[in-house]
2 protein chains.
Amino acid sequence: MTDDPRLRVEAALRDFVTVATTDLTDIASELTSVAEAAARFVLDGGKRLRPAFCFWGARAVGAVDSDALVRAAASLELLQACALVHDDVLDRSATRRGQPSIHEQFATLHDVSGWQGDSAAFGEGVAILLGDLYLIWSDSMLATSGWDPAGLERARPIIDAMRTELMAGQYLDVIEQARGGGSVERALRVARFKAAKYTVERPLHLGAALAGAEAEAMLALSGYGIPLGEAFQLRDDLLGVFGDPERTGKPAGDDLREGKRTVLIALAVETADAATRSTIDRHLGNPDLDDQAVESLREIVTASGATTAVEQMIDERVDAALRALTAAGLDHDATVALVGLARAATQRSA
Amino acid sequence: MTDDPRLRVEAALRDFVTVATTDLTDIASELTSVAEAAARFVLDGGKRLRPAFCFWGARAVGAVDSDALVRAAASLELLQACALVHDDVLDRSATRRGQPSIHEQFATLHDVSGWQGDSAAFGEGVAILLGDLYLIWSDSMLATSGWDPAGLERARPIIDAMRTELMAGQYLDVIEQARGGGSVERALRVARFKAAKYTVERPLHLGAALAGAEAEAMLALSGYGIPLGEAFQLRDDLLGVFGDPERTGKPAGDDLREGKRTVLIALAVETADAATRSTIDRHLGNPDLDDQAVESLREIVTASGATTAVEQMIDERVDAALRALTAAGLDHDATVALVGLARAATQRSA
């Protein structure tokens with residue numbers, strides 16, 4: 001057994017998914033393509049940040065290292081897989097991690113098989129079902145992780161809040177795009193639910209709750225988790241506009257084509273004059289935006305000072321997170337790991 | 001407190017949904033429309049068959065009546081709400097129980113609000129998220145039903161299998177339509193997973209597992225549940241073609257427009273000559289089918305003998321279910337209730 005929690009999360013996911021997909025193909029051989037796509041998608045990369053925060057959240061409050069902890073932490077990656085697959089349908093995103101998204105894969109299967117009906121609708125339907133399966137698997141992997149019932153009962157309100165906030169954050173995100181965006185404050189609120197709580201704070205709390213942490217330790221973890229999670233989302237906003245497609249696995253300027261109403265965009269809109277604002281409104285959310293239009297939107301965003309402002313917001317939040325962490329007096333090894341995770345989550349290029 | 005389990009299931013659902021939707025609107029006031037739609041959809045009718053089978057499955061093997069049992073049983077209705085909302089997106093169904101389906105409701109909200117982007121895509125996106133919420137709530141309602149951890153642990157493999165089979169059955173159903181249907185045998189297999197196991201057998205087993213039933217009692221319940229569940233689905237097939245829209249809450253001949261490849265249709269195709277088969281293939285799955293075409297397809301199906309054959313299949317299965325039930329020597333009150341449920345599930349007009 002390796003000591004690296006990340007490799008152990010991978011191994012735990014692989015073990016779980018192998019059994020779960022076998023259960024599927026045992027039902028009917030026609031489910032092989034779904035089972036294969038499900039395994040490939042979740043085992044093919046991903047930063048595994050949520051399992052890492054969960055693992056170190058538990059260790060931070062004194063939990064001993066165990067395979068049960070690794071499995072409980074890894075279950076969050078299946079919840080994330082649900083979120084990604086459904087999110088790609090919501091956003092009509094054609095690619096994910098440089099590969100066709102699940103609904104695209106099954107639309108293609110429908111096409112090449114010469115099946116009846118609309119191939120796009122078929123692909124979306126399968127993606128909905130596959131996302132549902134991930135959600136079910138996530139729940140099942142946590143429940144069968146090997147944690148004692150008391151720990152699982154302590155974890156229950158946290159996982160419920162986390163999943164509710166995820167769906168609520170997704171809805172707020174969708175509605176922000178539909179309404180054509182608003183204040184920086186509203187964009188930050190979406191970031192708080194969609195990322196800060198879901199990606200960082202709740203995973204930390206889940207680990208800590210499994211380990212039986214007191215309220216004080218929970219608060220200390222929030223002091224680190226909330227600003228770090230916001231910084232994580234702000235980095236994501238920058239990558240969505242300026243990221244290198246080779247690294248992000250998404251087309252250049254993907255957030256611009258999708259019309260994402262991020263903090264970055266809200267800041268740019270806030271400082272823009274009427275002419276610039278009309279340029280932004282005209283291009284943002286146009287799925288057929290060409291490279292030149294992407295480049296000109298990038299220039300507008302940078303010229304507005306929004307890019308620099310967001311970089312500064314990231315720095316401030318990472319500083320605040322690290323200050324809170326250092327002051328919390330948590331387990332030494334966990335503190336070191338959480339410092340590293342703060343860097344990994346906010347200095348990334350993918 | 002009333003004694004009628006059905007009314008108690010309603011009350012338990014109402015209590016749970018009231019708290020869950022308040023949690024939603026506490027996150028952000030924009031979630032009010034989702035919260036209201038979520039409450040309305042799940043509290044607005046439904047036959048509550050799955051909770052009933054779960055409740056009486058537990059009572060059949062000797063469980064005492066309790067509010068915890070009612071809550072555990074009621075949680076299945078939230079799983080069913082997820083299935084219906086996602087299924088309506090998959091099938092592009094515009095109505096459900098005589099009301100606009102969830103994705104239609106939110107497409108309309110998008111339209112009347114004058115929001116940006118595609119209103120149909122917005123509606124589908126919200127329906128995906130709302131279905132996810134129901135799935136999460138279902139899990140949470142079972143976990144917090146008040147059953148002891150040992151009972152919940154016995155229930156775990158059953159609820160996991162049930163949810164996996166539901167999604168697998170949905171996929172097989174979608175793929176049958178895409179492939180343009182096949183044998184009666186393949187259509188029966190879809191009915192087995194989508195309905196027989198999911199609607200009847202697994203709910204019975206869930207209740208029995210909570211109550212700590214032995215393998216023998218589980219088998220006895222399957223002897224009743226599987227044929228009854230098939231009969232339930234066959235009745236559904238007939239209603240999908242011949243049902244009265246006033247009673248079903250779905251347009252007349254809805255299954256024909258959706259191109260559902262049911263046992264009924266497979267039987268009609270099997271006996272059809274080349275000309276009739278080409279008529280069926282031409283009309284089936286055409287969303288714009290007019291009333292005259294629906295009527296002519298109905299005549300073809302009935303003339304083929306398929307309608308009579310399906311009625312006979314229903315009778316045979318109900319007889320088999322009742323024979324197995326009577327022979328099982330289960331709790332008297334539960335046996336009486338399960339006889340009533342067999343009639344309600346298979347002699348219905350909606």
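This is a predicted model: local features need pLDDT of at least 70, side-chain atom pairs count only at pLDDT 80 or more; totals for chains, interfaces and linings use all residues.
Q: What is its radius of gyration, and what would a compact globule have?
A: Chain A has a radius of gyration of 21 Å. A compact globule with 350 residues would be near 20 Å, so the two agree.

Q: And what does the C-alpha trace span along its principal axes?
A: About 60 × 60 × 30 Å for chain A.

Q: What share of chain A is buried?
A: Buried residues make up 61% of the 350 residues.

Q: What part of the contacts comes from residues 24 or more positions apart?
A: In chain A, 75% of the contacts with a separation of 6 or more.

Q: How many charged side chains, positive and negative?
A: Chain A carries 35 positive and 53 negative side chains. The centres of the two sets lie 3 Å apart.

Q: Switching to the interface. How many residues are in contact between chain A and chain B?
A: On chain B, 55 residues are in contact with 55 residues of chain A.

Q: How much area do the two chains bury between them?
A: About 4700 Å². Carbon and sulfur atoms account for 70% of that buried area.

Q: Which residues in chain B lose the most area to chain A?
A: B:Glu30, B:Leu129 and B:Tyr171. Together they make up 15% of what the chain B side buries.

Q: Now single residues. Where is A:Leu210, and is it buried or exposed?
A: A:Leu210 is in helix H8 of chain A, residues 184-210. Its relative accessibility is 1%, so A:Leu210 counts as buried.

Q: What does A:Leu210 touch, not counting residues up to four places away in sequence?
A: A:Leu210 touches A:Ala72, A:Trp147, A:Gly151, A:Leu152, A:Arg154 and A:Ala155.

Q: How far apart in space are A:Leu210 and A:Leu129?
A: They are 30 Å apart, C-alpha to C-alpha. In sequence, 81 residues separate them.

Q: What about A:Leu289? Where does it lie?
A: A:Leu289 lies in the loop between helix H13 (274-283) and helix H14 (291-303) of chain A.

Q: Is that leucine buried or exposed?
A: A:Leu289 is buried, because its relative accessible area is 4%, and the cut-off for buried is under 20%.

Q: Which residues is A:Leu289 in contact with, leaving aside neighbours within four places in sequence?
A: The contacts of A:Leu289 are A:Leu256, A:Arg257, A:His283, A:Val294 and A:Leu297.

Q: Where is A:Arg8, and is it buried or exposed?
A: A:Arg8 is in helix H1 of chain A, residues 5-27. At 6% relative accessibility, A:Arg8 counts as buried.

Q: What separates A:Arg8 from A:Leu284?
A: Their C-alpha atoms are separated by 41 Å. Along the chain, they are 276 residues apart.

Q: Over to chain B. What is the phi of B:Arg48?
A: B:Arg48 has a positive phi of about 55°, although it is not a glycine.

Q: Where is B:Arg48, and is it buried or exposed?
A: B:Arg48 is in the loop between helix H2 (32-43) and helix H3 (49-60) of chain B. Its relative accessibility is 3%, so B:Arg48 counts as buried.

Q: And the phi of B:Arg97?
A: B:Arg97 has a positive phi of about 50°, and it is not a glycine. B:Arg97 lies in the loop between strand S1 (95-96) and strand S2 (99-100) of chain B.

Q: Why does B:Arg97 get the label partly exposed?
A: Because B:Arg97 has a relative accessible area of 29%.

Q: Last one. Where is B:Glu258, and what does it touch beyond residues up to four places away in sequence?
A: B:Glu258 is in helix H11 of chain B, residues 254-258. B:Glu258 touches B:Asp91, B:Ser93, B:Gln177 and B:Gly285. B:Glu258 is buried, with a relative accessible area of 16%.

Terms used
Residues are numbered from 1 along each chain as its sequence is written. Chains are lettered from A and ligands numbered from 1 in the order in which they are written. Side-chain values use heavy atoms; hydrogens and water are left out. The radius of gyration is taken over C-alpha atoms; the globule rule is 2.2 Å times the number of residues to the power 0.38. Buried means under 20% relative accessible area, exposed over 50%, partly exposed in between (1.4 Å probe, protein chains only). Contact means heavy atoms within 4.5 Å. Lys and Arg count as positive and Asp and Glu as negative; His and the chain ends are not counted. The place of a charge is taken as NZ of Lys, CZ of Arg, CG of Asp or CD of Glu. Buried area is the accessible area (1.4 Å probe) that two parts lose on being put together, summed over both. Helices (H or I, at least four residues) and strands (E, at least two) are DSSP runs, numbered from the N terminus.
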